[in-house]
Amino acid sequence: MDYELNIDKVKEEIKKKKPKKILIQLPEGLKPRSREIMKKLKNNKDLEILLDGEAVYGACCIPPEKEREKYDLIVHFGHTELVPSENVLYVPVESKKEVKEITKKALKETEGEKIGLTTTTQHLHKLKEMKKTIKEEGNEPVTRKGDKYIREGQVLGCCFIAATDIQEKVDSFIFIGSGNFHPQGIANSTNKKVIQGNPYNGEVRKIEKGKWMKEREMRKDKARNSETFAVIETPHPGQTHNKVTKEVTEKLRKKGKEAHIIRMNQITPNKINHLPFDAFIVNACSRIVLDDWKNYEKPILLPKEAEELIEP
Ligand code: SF4
């Protein structure tokens, strides 16, 4: 098992609050462990535990307020608190992967002495160890201090302040974690070299800046001749930006385009490919557009990209 689930923390909360009905939210990677988790938490026959079967991508995916009221407790595994709510317990899941060797390996590819250190929620408990390793190798680790919602060194796919706030104080960045979404976001939001060290496969790579910029232009080109648009928003509390939906819809209409609003729980290709619109604007998690756009038959754009398209 590569992750520490912190089940004891949840058991303590159950003991304290004595809930009768619990909803468990798990990121997709942990759903295979759902039976194990539910069995461990059920401490009496009257306690009803439900698993949220919808995809959970981030802390923004807690249920909307009205839905939350149906449960005494919602246990959200895998992410730190983003949307404060009385009956939601956020339980960060900690990766057991070693970080010392990968930090050393990544350091070899950096430039300069001052190294901006960033990582994702799963490795935050090892941030101290990463900092120590950077010092031992003769460099100076630099991190942005944490606050209520963004911890020290923590990047989210939609929030890179852990890097942007310190970019003028560092020579290059190290990102310790997997995937492309987070390190690419750091590279595109800062003006420094970014090296990713992946603790899961031991690989180190330089993140090429500008990849997203090229893709952004390709997306806009694909949507350029569209006449009918759908602006999609979700009910997820951390993603609901009604003002943005309204603004972009109005702008499209002013330019003579036909624009409608769609509300959707989860945005997937098979849910929208057949809908009668030329292009879609996704006002939700930017990962859907930035990472998955090639999986959609029709063009999908971020609200900002749609605005650039109609107001070049
Ligand atoms: S909006 Fe996307 S990137 Fe931001 S927290 Fe939610 S899932 Fe993560």
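Tutor: The ligand is surrounded by Tyr57, Gly58, Ala59, Cys60, Leu156, Gly157, Cys158, Gly238, Gln239, Cys285 and Arg287, where a residue counts as near a molecule if its C-beta atom, placed from the backbone, lies within 6 Å of it. Sorted by class, this shell holds six nonpolar, four polar and one charged residues; Ala, Val, Leu, Ile, Met, Phe, Trp, Tyr, Cys and Pro count as nonpolar, Asp, Glu, Lys and Arg as charged, and the others, Gly among them, as polar.

Please keep in mind that this is a predicted model, in which local features need pLDDT of at least 70 and side-chain atom pairs count only at pLDDT 80 or more, while totals for chains, interfaces and linings use all residues. Residues are numbered from 1 along each chain as its sequence is written.

Now to the sheet, which is open and made of four strands in the order β13-β12-β14-β15, with parallel pairing. Its edge strands are β13 (258–263) and β15, each of which pairs on one side only. Helices (H or I, at least four residues) and strands (E, at least two) are DSSP runs numbered from the N terminus, and two strands pair if DSSP finds at least two bridges between them.

Buried here asks for 20 or more other C-beta atoms within 10 Å of a residue's own, exposed for 12 or fewer, and partly exposed for a count in between, with C-beta atoms placed from the backbone. Ala279, Ile281 and Asn283 point one way from β14, whereas Phe280 and Val282 point the other way, and all of them are buried.

On one side, β14 pairs with strand β12 (residues 228–233) in the parallel sense over five bridges, and phenylalanine 229 stands opposite alanine 279 of β14. The strand β12 also pairs with β13, again in the parallel sense, over six bridges, and there phenylalanine 229 stands opposite alanine 259. Turning to β15 (residues 300–301), you find that two bridges join this strand to β14 and that the two run parallel; phenylalanine 280 has isoleucine 300 of β15 as its bridge partner. Together with helix α11 (residues 286–292), β14 and β15 make a right-handed β-α-β unit, right-handed meaning that, with the strands pointing away from the viewer, the path from the first strand over the helix to the second runs clockwise.

In α5 (residues 127–136), Leu127, Met130, Thr133 and Ile134 are buried. These residues cover an arc of only 120 degrees around the axis, which puts them on the same side of α5; the arc is that of the directions from the helix axis to the C-beta atoms. The face turned away from this buried side carries the exposed residues Lys128, Lys135 and Glu136. The buried residues of α5 pack against α4 (100–107), β7 (114–119), β8 (140–142) and β9 (172–176), with contact meaning that two C-beta atoms, placed from the backbone, lie within 7 Å.
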